[in-house]
Amino acid sequence: MSHNSFIVGAYEHPTRLATNKSVAQLHAEVAIGALEDAGLTKDDIDGFFCAGDAPGIGPLSILEYLGLDVSYADSTDIGGSSPIAQVGHAMRAIRDGKCNVALITSAGRPRSEVAAPGDLTELPEYPESGFEVPYRAALAPSYAMCAQRHMYEFGTTSEQLAWIKVACSHHAQHNPYALLPNPVTVEEVLASPLISAPLHRLDCCVVTDGGGAVIVARQEVAKSLNRPVIRVRGVGEAVGYTRGSDINLTTSAVTKSAKSAFFEAKVTPKDIKYLSTYDSFTITVLLAIEDLGFCEKGQGGRFVADGNLISGIGRLPVNTDGGGLCSNHPAHRGGITKIIETVRQLRGEAHPAVQVPSCDLAIANGLGGMLDRRHGAATAILERIS
Amino acid sequence: MQIYDVSLRAPVRTPETNMFWDSANEGNLLYGKCRDCCKPHYYPRRVCPFCFSMKVDFVKASGYGTVYAFSLFRRGRPPYISAWIMLEEGVAVLSNITDCESDKLKIGAPVQVVFRPAENGQKIPVFTPSLL
């Protein structure tokens, strides 16, 4: 019953700098792009999903702006993973008969606005504000401390983390839209300036304007379209945090989102041919690979080293679009791009140089927020139906 | 890098946390401890995030602990050290480390709380390497 939903449209905005556009306009452009990709029209949309990057309260402003008439809307926000979680929400809404064609948009322009991610200058009265704002508890140190603990507990090295960036950069050279299209070496990553020790500049993702959209539709709609059929097999989401006496900086909420997704999909990590995973920083990828179950906890450093994430070379091709580390991290939220490249791989529409052969089962995985404290995770297992 | 001082922003005070900040002004660091399940938590709140009991005390910490994790954020103006400190009482506190040589800092290093004024004069608990 849960396998009744299909991704029929996917579109990534080609821009990386949108100086002369509004955020709402970007949402509109990616919506139109996804509809054209699917071969559907505006009137076919009866479900809409967005997160905090959409301007306005929940979906209200953007629904009005786009003039969408929907029977179901959802604006769940768990950070950058939100669009991946929303693929699951769309699947369940379709299953329950609440809608037939669900549009998910994500877009923003932090590069034009020069807005730092997790900027704490005007944090409202969140319960934790008093205990974080005084210390300027920023995003990069949050991830850096997780990297430091992983090194301390498991002997992971900066060289191993650098391999994640190297793999993404190898892929990015084939993506004409990638912000950073040049391959880099481990040595170049280590020689780049330390931003927040032990993370270097090249351990950090890009800041880009742009966005993307996907369309999830009921089986009957999917079968009527002249596109490869990508089934949503299972989706899980989870939230992680610390309460002080239970601190653990080396395990993320992906453990829970992956368990839920694999249970629903009735597959195991061994069945997965391709992985798109959130790469705000290199350490984000390392934790996710362990927590998805591709290797034992603590073995992530060894797993990612020596080109093991490079398509055509390694055991697990990861982020063949170049990922957030090299291509695109629109609105400081990479979730939508993870779904889009996973769909390209499953359709066989990735760049030939990075296309994974016989790619029939793949994961789009998200892990966003503050990794050392509250963060959101979502795991979507997608399948090509021949 | 030698870190001599920290630049601290004024905290958001709420009715729930006034006691914490008043105590900080008197040189005391408080954490939350549940009277029902006995577990400590941080940041302190008036409901136990483990068992939902409302019987939470704001307890005075000894102020001693060890470095659990830290990072020198070089993009800070000026650069500063973010850190998780594991207090003797078994609860981790997100804070800054000041008056130290960042290259000599290590996980497990002993630290103690010191109080430094934020821009509005409110005393803020931060940590510094212990003398002993």
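Modeller: Let's settle "contact" before anything else: two residues are in contact if their C-beta atoms, placed from the backbone, lie within 7 Å. Keep in mind that this is a predicted model, in which local features need pLDDT of at least 70, side-chain atom pairs count only at pLDDT 80 or more, and totals for chains, interfaces and linings use all residues. Residues are numbered from 1 along each chain as its sequence is written, while chains are lettered from A and ligands numbered from 1 in the order in which they are written.

Now the chains. Chain A puts 30 residues into the contact and chain B puts in 37. On the chain A side, α5 (139–154) and β5 (194–196) each supply at least two residues; helices (H or I, at least four residues) and strands (E, at least two) are DSSP runs, numbered from the N terminus. The biggest giver on that side is α5(A), with 7 residues. Sorted by class, the chain A side has 17 nonpolar, 7 polar and 6 charged residues. Here Ala, Val, Leu, Ile, Met, Phe, Trp, Tyr, Cys and Pro count as nonpolar, Asp, Glu, Lys and Arg as charged, and the others, Gly among them, as polar.

Pro198(A) sits in the loop between β5 and β6 (199–200) of chain A. For background, most peptide bonds are trans.

Domain 1 of chain A brings 32 residues to the contact, and domain 2 of chain A brings 37. On the domain 1 side, α3(A) has the largest share, 7 residues. That side divides into 16 nonpolar, 10 polar and 6 charged residues.

So what does α3(A) meet? Among its partners is helix α13 (residues 335–347) of chain A: the two axes come within 6 Å and cross at roughly 60°. Axes are lines fitted to C-alpha atoms, for helices over the stretch in contact, and angles run from 0 to 180 degrees between N-to-C directions. That makes α3(A) oblique to α13(A), as angles under 35 degrees count as roughly parallel, over 145 as roughly antiparallel, 65 to 115 as roughly perpendicular and the rest as oblique. Ser82(A), Pro83(A), Ile84(A) and Val87(A) face Gly335(A), Ile336(A), Lys338(A) and Ile339(A) there.

Finally, the core. The largest nonpolar core holds 161 residues, and Ile215(A), Val216(A) and Ala380(A) have the most contacts inside it. Such a core is a set of buried Ala, Val, Leu, Ile, Met, Phe, Trp, Tyr and Cys residues joined through C-beta atoms within 7 Å. A residue is buried if 20 or more other C-beta atoms lie within 10 Å of its own, exposed if 12 or fewer, and partly exposed in between, with C-beta atoms placed from the backbone. Both domains of chain A give residues to this core, so it lies between them. Val216(A) touches residues including Val87(A), Ala90(A), Met91(A) and Ile94(A).

Notes: Domain bounds come from an automatic or database domain assignment. Lists of a residue's contacts leave out its neighbours within four places in sequence.
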